[in-house]
Amino acid sequence: MKYSALILSNLFRKKIRTTLTIGSFAVALFLFGLLAVVRGAFNQGVEVAGTDRLVVINKVSIIQPLPVSYDERLLRIHGIKEVTHQNWFGGVYQDERNFFAQMAIDDDTFRSVYPEYVIPDDQWQAYMGDREGAVVGADLAKRFNWKLGDRIPIKGTIFQGTWDFNIRGIYHGKKVEDDTTQFWFHYKYLEERESAYWKGLVGWYTVKVDNPDDSVRVAKEIDETFSNSPWETKTDTEKAFATSFAKQAGNIQLLILSIGAVVFFTLLLVTGNTMAIAVRERVRDLAVLKAVGFSDVFVLVLVLAESVLIAAIGGALGLGFAKLLTFLIALFGDPTHGMLPLVYLSPQIVVAGFAVTAAVGVVAGLLPALSAMNLNVVDALRRV
Amino acid sequence: MVRVDGGGDGSSLVRVRGLDKKYQRGSEEIHVLQGLNLDVDKGDFVAFMGPSGSGKTTLLNLLGGLDLPTAGTITVAGDEITHLSGSKLTHWRARHVGFVFQMYNLIPVLTAFQNVELPLLLTKLSKAERRQHVEFALEVVGLKDRTHHYPRQLSGGQEQRVGIARAIVADPTFLLCDEPTGDLDRRSADEIMDLIDRLVREHKKTVLLVTHDPVAAERAHVVLHLNKGVLVEGQKADEKAGVRA
């Protein structure tokens with residue numbers, strides 16, 4: 001491009017200033033990337049929630065159980081294809097900081113309701129043949145350096161005592177966003193060992209519907225079916241369930257948006273000021289360009305291009321560092337000890353980051369660019 | 001032939017009729033140019049002299065399409081520029097006018113080559129053609145060996161030569177020089193005037209020069225004095241070209 005020398009040379013007219021402005025963009029976009037990672041981790045369940053799945057919990061609270069006998073009654077409701085159930089175990093592995101989700105699953109139905117989790121058949125068969133068998137997510141196995149055949153002691157908090165499990169399978173997700181930090185074991189094992197306390201009870205049900213468009217009707221029918229019973233239900237789509245679950249940690253979305261908005265507004269002021277100074281310093285040069293025959297619109301675009309270029313370089317650096325950080329976390333381990341099960345900067349976030357950066361670049365450069373465009377050549381050339 | 005009586009026959013390269021320029025400064029109205037007439041032929045070298053504030057630079061700005069007159073017309077090579085819109089006037093400037101400024105006005109972050117290349121970026125010339133033109137212009141001003149130097153690495157006289165190369169590189173219809181020696185020592189000023197003189201003689205350029213320097217003005221074919229908003233011929237004019245008033 002024949003104008004590149006003109007744009008680039010102006011960019012590095014004041015090297016320190018340009019570097020600092022690029023640095024502010026880089027820091028802001030790095031922060032944006034980190035906030036997006038945190039938000040993504042909190043909303044992970046929401047992002048990957050199946051559109052054809054409903055979650056049925058006890059109407060009082062999710063920590064209250066439901067009878068296992070609801071299984072067959074649910075299957076009788078028109079529009080429900082499959083039903084599975086799960087139980088939150090809530091145990092501790094070695095240290096309370098080593099948080100990860102442990103769940104007792106219904107072996108017969110779990111895999112068909114959650115097809116996004118992939119486990120080799122031979123491993124599944126090994127799991128099925130071991131009463132104390134467990135299947136763990138690939139990220140979880142990597143985190144604790146677990147291998148097939150390892151014996152893992154988990155200290156119960158809800159269900160007392162130490163529970164020993166044998167790792168018989170390691171599952172992967174079909175997508176990067178799929179949660180591979182869970183620990184599954186047999187519901188039957190839980191029920192047998194806690195027969196006095198937990199016989200015939202499950203934590204919640206997940207049902208798969210024939211048609212996602214039918215979800216609202218099915219959810220309503222489920223709750224009506226069990227109304228006025230000792231175990232009333234509350235049914236929601238998996239997405240809504242995951243959202244309300246994520247909100248238990250507070251309105252992370254609002255928090256992140258607020259921080260992001262403040263950062264970008266500050267950045268807007270800083271960059272706008274920088275560009276205004278840059279234009280003011282070279283009023284004479286811009287006047288010469290106009291005198292030579294460059295149009296007003298060209299001068300406008302020139303200043304805007306500089307502003308956007310600064311933003312783009314800073315944005316690329318910031319997002320690059322954020323991406324690098326997620327790689328390092330994947331390489332060296334999660335510093336949050338499992339509080340953020342997914343540390344992943346998605347391509348969509350990178351694109352969104354660039355879009356925001358470009359927008360800030362344009363807005364910040366607009367006023368200085370307009371003043372450059374409207375510059376009176378004669379007046380500007382008279383200035384010393 | 002240069003005339004200031006409005007009696008040109010219409011074949012002049014530059015034709016000015018009844019040119020008026022007024023400025024409003026607060027409540028005061030300043031009448032800088034008053035019904036000015038001028039005819040300049042192709043290849044003429046005209047120097048404008050006059051006291052500060054007499055309107056020399058204003059006249060040059062009007063002739064170069066940088067400013068608009070309050071009344072009157074300016075016609076250059078058959079195009080009347082006084083009624084052109086802003087964008088058309090910009091386009092016209094790119095094709096017809098080469099500016100040489102007192103303060104050189106080179107862009108400090110561009111090399112001599114890049115500064116001279118600027119007007120050519122507005123043309124459809126290829127990169128190789130632009131290079132050829134720039135090298136030729138720098139050769140004409142004797143700075144082919146300073147192609148990649150930045151303005152800060154050049155002396156004042158050399159900077160002005162680069163400014164002249166920039167003005168001539170696109171082969172404009174005429175050159176407008178606003179005190180091109182005003183910021184130079186005598187020796188550099190003489191070199192610059194030698195160069196301008198050569199552009200007129202060897203390259204048949206039409207040059208309109210504003211200067212305070214009688215020695216510089218001496219090089220012109222015709223010297224015109226601006227006094228109270230009107231042009232009057234100088235002594236030099238009678239001697240060399242015969243101004244008709």
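Reply: Two strands are taken to pair if DSSP finds at least two bridges between them. Helices (H or I, at least four residues) and strands (E, at least two) are themselves DSSP runs, numbered from the N terminus. This is a predicted model, in which local features need pLDDT of at least 70 and side-chain atom pairs count only at pLDDT 80 or more, while totals for chains, interfaces and linings use all residues. Residues are numbered from 1 along each chain as its sequence is written, and chains are lettered from A and ligands numbered from 1 in the order in which they are written.

Me: How many bridges join strand 9 of chain B to strand 10 of chain B?

Reply: Strands of a sheet pair through backbone hydrogen bonds, either parallel or antiparallel. Here strand 9 (residues 222-227) and strand 10 of chain B run antiparallel and are joined by four bridges. Within this pair, His225(B) is opposite Val232(B) of strand 10. The loop between these two strands holds Lys228(B), a residue with a positive phi of about 55° although it is not a glycine.

Me: In which order do the six strands of the open sheet in chain B stand?

Reply: The order is 6-7-8-3-9-10, and the pairing is mixed. Strand 6 (97-100) and strand 10 (230-233) of chain B are at the edges with a single partner strand each, so one side of each has no neighbour in the sheet. On average, neighbouring strands of this sheet are turned by 25° against each other, direction ignored; axes are lines fitted to C-alpha atoms, for helices over the stretch in contact, and angles run from 0 to 180 degrees between N-to-C directions.

Me: Which strands does helix 1 of chain B lie across?

Reply: Two residues are in contact if their C-beta atoms, placed from the backbone, lie within 7 Å. Helix 1 (residues 56-63) of chain B lies across strand 3 (45-49), strand 7 (174-178), strand 8 (206-210) and strand 9 of chain B, and runs at about 150° to strand 8.

Me: What does a hairpin look like in chain B?

Reply: Strand 1 and strand 2 of chain B form one, with two residues between them, and Gly26(B) in the turn has a positive phi of about 65°. Strand 1 (residues 14-25) and strand 2 (residues 28-40) of chain B pair in the antiparallel sense over nine bridges, and Lys22(B) faces His31(B) of strand 2 across the pair. Strand 1 of chain B is also joined by five bridges to strand 4 (residues 71-76) of chain B, again antiparallel; there Arg15(B) has Thr75(B) as its bridge partner.

Me: Is Asn105(B) buried or exposed?

Reply: A residue is buried if 20 or more other C-beta atoms lie within 10 Å of its own, exposed if 12 or fewer, and partly exposed in between, with C-beta atoms placed from the backbone. Asn105(B) has 22 C-beta neighbours inside 10 Å and therefore counts as buried. Its place is the loop between strand 6 and helix 3 of chain B, and its phi is positive, about 55°, although it is not a glycine. Lys228(B), by contrast, has 13 such neighbours inside 10 Å and so counts as partly exposed.

Me: Which residues of helix 10 of chain A are buried?

Reply: An α-helix has 3.6 residues a turn, so residues three or four places apart point the same way. In helix 10 (residues 215-225) of chain A, the buried residues are Ser215(A), Val218(A), Ala219(A) and Ile222(A). They cover an arc of only 100° around the axis (the arc of the directions from the helix axis to the C-beta atoms), which puts them on the same side of helix 10. On the other side of this helix, Val216(A), Lys220(A) and Glu224(A) are exposed. The buried residues pack against elements of chain A including strand 1 (53-58), helix 4 (70-75) and strand 3 (80-88).

Me: How many residues of chain B are in contact with chain A?

Reply: In chain B, 19 residues are in contact with 18 residues of chain A. Helix 2 (residues 86-96) gives the most to this side of chain B, with six residues.
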